[in-house]
Amino acid sequence: MTVTAEQLDVGVGPWPGDPPDDPRYDPELLAEGDRRNVVDRYRYWRREAVVADLDRRRHDFHVAIENWQHDLNIGTVVRNANAFLAAEVHIVGRRRWNRRGAMVTDRYQHVRHHETIEQFVAWAGEQALPLVGIDNLPGCRPLETTTLPRRCVLVFGQEGPGLSDAARAACDQLFSIAQYGSTRSINAGVASGIAMHAWIRTHADPPPP
C-alpha cells in the first residue's frame, strides 16, 4: 500500500470559531481542515503564502543533482533541501524525476532544470557560485575537516557511479563523507542531508520557533 505525506500527518480539523481576516489563510483549508505535511506555523496558509515566507529566509546555498539514470534518490534530496531551506534545487540531465520521495515538499521548494552539465556550469558562473562536489572518489578532501563556502552549490552525482567526469571537472572543490563500515558508498539522499547540515552548522541561525 502506498502511503502519502498527508496520511503520515494527522493534520488539524476545520478552524474553530470565526476564520481569521488574513490573506495568508486559505478559505478551503479553514473550512475543511489542513492535512498537509507542514509545520504548525503554516497550518491553513495558502501554498503561495508559505513559499513567500520561506523565500524571505532562504539560505545562500543551492543543491544540484545529476539525473542521467532517473535516480530515485532525487526526491529525498529535494525533501532535504526543503528541510534545510536551500535557495534552489537544480536537476541536471533528465527533466522528469521521481517525486514520491519528496513527500510533496517540491511544492514549497524552487526547482530548476538544466539539460546539460555545460548549461548548469554556465548558470553557476553567471551567479558567481562555486561548485562544491560531494563524492567518495580519490582526490576528495574530508568534509569533516573543512568549512563550506557560504555561497555555493553542493553537487551530487548518481547512485552508484557518483559524479560524472564532466561534473567533477567543473567543481571548484571536492569533498568526501567519512565512512567506517563495509559499504562502498552511501546514497545521494543521505549524503545530501549530511552535507547540507554541515553547511547549516557553520552558517545558519537557529530556526524560528
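Helix α4 has its buried residues covered by, among others, β1 (61-67), β2 (89-93) and α7 (188-203); covering here goes by contact, meaning heavy atoms within 4.5 Å. The helix itself spans residues 74-83, and its buried members are I74, G75, V77, V78, N80 and A81. "Buried" stands for under 20% relative accessible area, "exposed" for over 50%, and "partly exposed" for anything in between (1.4 Å probe, protein chains only). Helices (H or I, at least four residues) and strands (E, at least two) are DSSP runs, numbered from the N terminus. An α-helix has 3.6 residues a turn, so residues three or four places apart point the same way. After α4 comes L85, with a positive phi near 60°.

The model is a predicted one, so local features need pLDDT of at least 70 and side-chain atom pairs count only at pLDDT 80 or more, while totals for chains, interfaces and linings use all residues. Residues are numbered from 1 along each chain as its sequence is written, and side-chain values use heavy atoms, with hydrogens and water left out.

On the record side, an unreviewed UniProt entry annotates residues 61-197 as "domain: tRNA/rRNA methyltransferase SpoU type". UniProt positions are given in the numbering used here, feature names are shortened, and such annotations may be inferred rather than shown by experiment. In the model, this stretch is 26% helix and 23% strand, and its end C-alpha atoms lie 11 Å apart.

Next come the charged pairs. Searching the whole structure turns up 12 salt bridges, each being a side-chain nitrogen of Lys or Arg within 4 Å of a carboxyl oxygen of Asp or Glu. In one of them R41 pairs with D53, with 3.1 Å between the closest N and O atoms. The two partners sit 12 residues apart, R41 in the loop between α2 (27-32) and α3 (47-55), D53 in α3. R41 counts as partly exposed because its relative accessibility is 35%, whereas D53, at 8%, counts as buried.

Another salt bridge joins R150 to D60, at 3.0 Å from N to O. This pair spans 90 residues of the chain: R150 belongs to the loop between β5 (141-142) and β6 (152-156), and D60 to the loop between α3 and β1. Both ends are partly exposed, R150 with a relative accessible area of 43% and D60 with 31%.

D135 and R168 make a further salt bridge, their closest N and O atoms being 4.0 Å apart. D135 lies in the loop between β4 (131-134) and β5, and R168 in helix α6 (residues 165-170), 33 residues apart. Both D135 and R168 are buried. Shared partners also tie R41, D53, R56 and R57 into one salt-bridge network.

Finally, there is the largest pocket, with a volume of about 820 Å³. A pocket is found on a 1 Å grid over the protein atoms alone, as an open set of points where a 1.4 Å probe fits, with protein on both sides within 12 Å along at least five of seven lines; lining residues have an atom within 4 Å of a point. The volume is the space filled by probe spheres set on the points, which are joined across faces, edges and corners. The largest pocket has 35 lining residues, with L54, R57, N82, A83 and L85 nearest its centre. α7 contributes the most to this lining, with four residues.
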